[in-house]
Amino acid sequence: MVERHDPAALRRIAAGVMELHWRPDHGYTVPNSQTYPWLWLWDSCFHALIWDALDDERAVTELAAVFRRQSGSGFIPHMANFPPESATAEMWGAAGCSAITQPPMYGHALAVLAAHGRDVERFAEPALLGLRHLFDRRRAPCGLIRSYHPWETGADDSPRFDLGRRPPYSRPRWDSFHYKLVGALDVRDGEAIGSSAFDLCPAGFNALVAWNAREAAAALGDRDLLDDATALAETIDAVLWSEEEATWCDAWPDGTAASSVRVVDALLPALVTPERDRAGRALGLATDPAAFGLPFGPAQVHPAEETYEAEQYWRGPAWPSLTYLLWRAAHQRGLGIEAERLELMLRRGAAASGFAEYWNAASGVGLGAIPQSWACLAIVPDADRTAGASGE
Ligand code: GLC
């Protein structure tokens, strides 16, 4: 196992995984060449951060790919393939991309690349348009941002989205439900504008919209977007925070509570809450061994939940994308102990799992696609420190 004190070894492996998955003809990195041979929105934003940490100009090329299928309205599909293949056409009614979106992680990626002196000027307009699109066209009556498919959140099969579905969980059963939800979308001009079966304001998704908007607004000096991001963060707290359960719930568009199952992505409002105490409490739970904080990363579902399954897709394992985001939250908030724990979990998990898509949070056993590009996020905290130390 690669130990924490050996960042050079982790970096070498990460560089190999990224090189293996890089598609020079199309200018992006696939998450995994067998399981995920196309472009995914939030993955590619994470890849841009990883290329940046590797000090490689492909950081900029990868971010450009995210915007390539953006429509005139600002909408960015969650999945795109180059060249367009018939697989997506059958499913989405359009060749080359999907009709739903994913967390707009390009706000954060742009901010980090800009801070490291990369030329991101050309992303200013598409990023602002993409974020504006979410605020203007996805706003629910309660003020939160709505999602029309669990896949839009990135946390596909989370028990938060069971919403009365009969147990037991099985991947094939949930897959067929999710394909049905694609059929329930109201799609106009290649973009989902509603759904007759799934219309929800998830805590994690809303936190990532608010945070990415704040990151982009700060980097680009956009006052209006900053105000929108601040207002959304306040609404998340006002509508979703549950004091007794110490989590942010999900809500229906009218603001009534939908689910409060304890999942770690529902603690992502720690990135944006104006209440420092709540952020501290949430990140404390994410790292507490008696709560989510298992040795190889926060379990995505709290181990005491009835639905918890240690090795099941989005039902319990640790996900490097989420651990990275929680690390960022702790780091930005100056919560040093939590940040250090999360960084250690991420590095340990990536090393023990063989850079897997996700892993058993208790044992580190790799699960899903192996290797998966986003596991290379494990090198970002160390690179970030080095960039900071060199005064960038
Ligand atoms: C899975 C994950 C999703 C990710 C995709 C590609 O579908 O649930 O979040 O974007 O794989 O890695």
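The shell around the ligand in this predicted model consists of seven nonpolar, three polar and three charged residues. Here Ala, Val, Leu, Ile, Met, Phe, Trp, Tyr, Cys and Pro count as nonpolar, Asp, Glu, Lys and Arg as charged, and the others, Gly among them, as polar. Of these 13 residues around the ligand, Asp43, Gly154, Asp156, Trp314 and Gln372 come nearest; a residue is near if one of its heavy atoms lies within 4 Å.

Residues are numbered from 1 along each chain as its sequence is written. Local features need pLDDT of at least 70 and side-chain atom pairs 80 or more, while totals for chains, interfaces and linings use all residues, and side-chain values use heavy atoms, without hydrogens and water.

The distance is 3.1 Å for a polar side-chain atom of Trp42, 3.1 Å for an N or O atom of Tyr313 and 3.0 Å for one of Gln372. The protein covers 95% of the 310 Å² of accessible area that the ligand has on its own (Shrake-Rupley method, 1.4 Å probe).

Aromatic pairs, with ring centres within 6.5 Å, number 21 in the structure. The pair of Trp38 and Trp40 is stacked (planes under 30 degrees apart), because the ring centres are 6.4 Å apart and the planes are at 20°. Both residues, Trp38 and Trp40, are buried, meaning under 20% relative accessible area. Trp151 and Tyr179 are instead edge-to-face (over 60 degrees), at 5.5 Å centre to centre with 80° between the planes.

How values were computed. A polar contact is a pair of N or O atoms within 3.5 Å; within protein, one must be able to donate a hydrogen and the other to accept it, and residues adjacent in sequence count only if both atoms are side-chain atoms. Rings of Phe, Tyr and Trp (its six-membered ring) pair if their centres lie within 6.5 Å; planes under 30 degrees apart count as stacked, over 60 as edge-to-face and the rest as tilted. Buried means under 20% relative accessible area, exposed over 50%, partly exposed in between (1.4 Å probe, protein chains only).
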